[in-house]
Amino acid sequence: MAIKDLPDTECVIPGSAACPGCPATLGLRLVFKALGKNSIMVVPACCTAVIESLYPNTSFDIPVMNIAFEAAAAGASGVEAALRQQGKGDTTVVAWAGDGGTYDIGIQALSGALERNTNFIYICYNNQIYSNTGIQRSGATPYAAWTTTTVGGKTEFRKEMGEIIQAHHIPYVAQACVAYPEDLYKKVKKAKSMKGPKYIEILAPCPPGWRFGMEKTVEMGTLAVETGAWALYEYENDKMSFNGKSKLILEGKIKRKPVEEWIKYQGRFGHLFKPEKDVKRIKEIEDHIYQMWERYRSCYL
Amino acid sequence: MTIMIDTGNYIAAKAAVMARPAVVPAYPITPQTTLVEGIANYVKTGEFKGEYICVESEHSAMCACIGASAAGVRTFTGTSSHGLLLMHEMLHWAALARLPIVMCNINRTVGPGWNIWPDENDSISQRDTGWIQFYCSSNQEIFDTVIQAFKLAENEKVLLPVMINYNAFILSHTSMPVEIPKQKEIDDFLSKYKPRWKLDVDNPITFGNIILPADYEKIRKDMQNSSENAKKLIPEIAKEWKKIFGRYHGDLIEKYRCDGAEYILLAMGAIGAESKVAIDNLRKEGLKVGLARVRTFRPFPKEEILKLGKQADLIVIDRNISVGSEGALFSEVKAALYDKSDAKVYGFIAGLGGKDVPYTDIEKICKKSINGKAKDCEWYNLEGV
Ligand SMILES: Cc1ncc(C[n+]2csc(CCOP(=O)(O)OP(=O)(O)O)c2C)c(N)n1
Ligand code: SF4
């Protein structure tokens with residue numbers, strides 16, 4: 001499948017209030033193409049609440065319920081139950097949240113909804129920060145990245161949300177990236193066809209948050225995958241498979257690019273290069289990615 | 001009609017199930033547990049056909065109520081104390097979203113230290129969330145109020161969520177005989193829920209996105225107007241209920257022996273019921289005392305209280321304290337009279353943390369006020385004060 005073969009469906013209609021080059025908007029457009037209009041979206045506090053634009057207008061062409069920051073999965077549970085009671089179980093309920101609303105404040109409600117076997121798709125668009133509130137650190141922010149609350153660079157590594165979700169043994173867990181639209185589209189389509197809880201996480205390089213030019217969103221996504229900082233995979237009924245370049249990296253068919261190739265374009269890592277190169281911390285980032293892939297290989301190869 | 005002898009919680013569960021909500025998300029907390037267990041039993045027997053969602057917290061219980069209600073169905077839940085406090089953010093959300101959710105709250109003390117006995121600080125501190133608040137004083141009133149609450153909440157002129165409060169153990173775990181109407185009668189009384197708006201794929205709207213000040217203020221004003229509408233509807237629904245089922249617990253307040261009273265006691269919840277015994281005894285002694293049991297703290301019965309203040313001096317008992325101020329009911333009663341009545345108002349804090357407030361103490365509170373010995377706001381019967 002090529003991009004030109006994706007359906008024409010557009011549920012993000014003109015008037016969106018997103019920044020230029022916004023990865024969340026790109027993700028939303030692709031997700032809506034896969035979901036179709038028989039879908040209801042639940043959105044917690046995050047950039048998407050802004051992207052929707054101002055009351056009484058909207059830039060979304062499916063029903064959307066905004067809810068509190070930590071509440072997406074629980075709100076979606078209620079919507080799903082109510083639809084089933086009305087004989088509308090065929091409508092797809094999708095929670096769409098940022099990494100803050102997923103990794104941090106919303107993890108309890110999410111874990112509960114997964115454990116209860118709620119029939120919904122939970123999508124986390126991961127821009128590795130709280131961008132709505134002006135670029136603060138989250139549990140998904142990578143080591144050494146600048147944010148307004150990690151001024152000298154984050155001192156901890158990000159957590160592996162995908163693996164936390166896998167521990168719930170739900171039917172479908174996937175990692176995708178806005179730079180790979182066909183892969184993302186297929187994953188959402190597959191999730192839509194399955195019953196029970198499905199989790200998809202989309203890496204979403206955010207120009208103002210990561211400090212790169214707005215024309216580079218896709219490139220930052222591609223490089224994240226090529227350096228192995230992000231992996232594309234699917235975990236289906238407890239079976240893991242890697243996709244695209246991540247599969248080739250796992251199998252040793254291509255070599256990961258050095259992470260420097262990715263971070264050097266991002267102002268959030270600028271302090272690692274200026275005034276002089278912070279060789280130690282760059283190596284720590286590289287080593288961490290290396291360990292992640294060693295773990296993947298020992299478990300899944 | 002049948003008679004069911006059971007505890008407040010099991011009666012509330014019965015009422016909730018008879019109202020036929022489609023979704024009940026719930027999380028247990030003492031002393032509410034038997035309420036959710038009661039509903040779980042009705043799932044087992046097949047009497048409850050809706051979705052019972054065992055969520056992982058009260059916060060999620062209210063979120064799921066919000067999601068379900070927004071998707072167009074009747075919803076119910078119950079909680080208490082810390083559970084209610086954990087919901088706080090979502091209580092505001094439910095009310096601002098204009099979702100007619102009905103919830104029982106079993107009034108319990110807030111920690112630390114851990115204390116499961118009755119105290120109304122849990123619900124009083126939710127006063128400004130936009131929820132209508134009832135306070136019940138018998139299991140029959142719990143049953144009748146739960147059913148009536150759906151009718152009130154779902155009325156197009158109201159569309160506000162309703163919280164039905166009753167005291168821990170004194171009602172939640174005490175059995176009393178309660179008249180239960182037939183299911184058909186309840187169905188006739190409560191027509192099918194038709195939401196004003198809902199999440200609907202055929203009419204896609206975005207609910208709750210960013211809103212500018214001018215529009216937001218309109219929503220707040222509309223809530224206030226709706227709350228005023230509720231003031232009119234509560235008596236109408238109570239009258240209709242009385243006509244069909246013969247039972248009546250009062251309107252916004254329940255008046256008891258207020259005729260010719262020179263002093264009127266105001267109290268809520270279980271203390272309100274206990275006060276009736278005290279009033280009877282005081283009347284026997286020839287003291288002209290009556291009772292106004294406040295049933296709704298929101299909407300606040302300002303007009304009725306002003307009428308009482310034109311007739312008599314008022315004595316207020318609060319099972320709550322707004323630390324740094326005084327009892328919440330006491331404050332609001334005085335505000336209702338401000339500049340319009342010369343009545344004296346005496347305030348008493350009593351029964352916090354579940355301390356017993358027997359009718360004998362209520363009699364003493366009244367006598368102290370009548371004898372002019374009460375301070376402006378007293379902590380009744382507290383050692384060392
Ligand atoms: C309970 C609560 N705490 C804090 C906030 C403020 N807040 C709104 S959005 C947000 C960050 C959202 O981050 P994320 O989920 O990563 O989404 P993004 O903004 O990056 O799209 C925060 C902290 C809030 N709305 N509610
Ligand atoms: S801050 Fe980032 S995620 Fe948020 S709207 Fe702008 S580009 Fe999109």
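In the predicted model, B:Ile349 has B:Trp379 of strand S16 (chain B) as its bridge partner. Strand S15 of chain B covers residues 345–349. S15(B) and S16(B) pair in the parallel sense, over 3 bridges.

This pair belongs to an open sheet of 6 strands in chain B, ordered S10-S12-S11-S14-S15-S16. The pairing across the sheet is mixed. Strands S10 (253–256) and S16 (377–379) of chain B stand at the edges. Each has a single partner strand, so one side of each is left without a neighbour in the sheet. From one strand to the next, the twist averages 20°.

Helix H10 of chain B, residues 269–284, lies across part of this sheet. The strands under H10(B) are S10, S11 (263–267), S12 (289–294) and S14 (313–318) of chain B. The helix runs at about 170° to S12(B).

Ligand 1 lies between chains A and B. It is surrounded by 18 residues. The closest are A:Gly100, A:Tyr125, A:Ile129, A:Ser131 and A:Asn132. The shell divides into 8 nonpolar, 7 polar and 3 charged residues. Helix H4 of chain A (residues 99–104) gives the most to this shell, with 3 residues.

Oxygen atoms of ligand 1 take part in polar contacts with chain A. A polar backbone atom of A:Asn132 is 2.7 Å from a ligand oxygen. For A:Gly100, a backbone N or O atom lies 2.8 Å from an oxygen of ligand 1. A:Asp99 contributes a polar side-chain atom, 3.3 Å from a ligand oxygen. On its own, ligand 1 has 580 Å² of accessible area, of which the protein covers 76%.

Notes:
Residues are numbered from 1 along each chain as its sequence is written. Chains are lettered from A and ligands numbered from 1 in the order in which they are written. This is a predicted model: local features need pLDDT of at least 70, side-chain atom pairs count only at pLDDT 80 or more; totals for chains, interfaces and linings use all residues. Side-chain values use heavy atoms; hydrogens and water are left out. Two strands pair if DSSP finds at least two bridges between them. Helices (H or I, at least four residues) and strands (E, at least two) are DSSP runs, numbered from the N terminus. Axes are lines fitted to C-alpha atoms, for helices over the stretch in contact, and angles run from 0 to 180 degrees between N-to-C directions. Contact means heavy atoms within 4.5 Å. A residue is near a molecule or strand if one of its heavy atoms lies within 4 Å of it. A polar contact is a pair of N or O atoms within 3.5 Å; within protein, one must be able to donate a hydrogen and the other to accept it, and residues adjacent in sequence count only if both atoms are side-chain atoms. Accessible areas come from the Shrake-Rupley method with a 1.4 Å probe; for residues, only the protein chains shown count as cover. Ala, Val, Leu, Ile, Met, Phe, Trp, Tyr, Cys and Pro count as nonpolar, Asp, Glu, Lys and Arg as charged, and the others, Gly among them, as polar.
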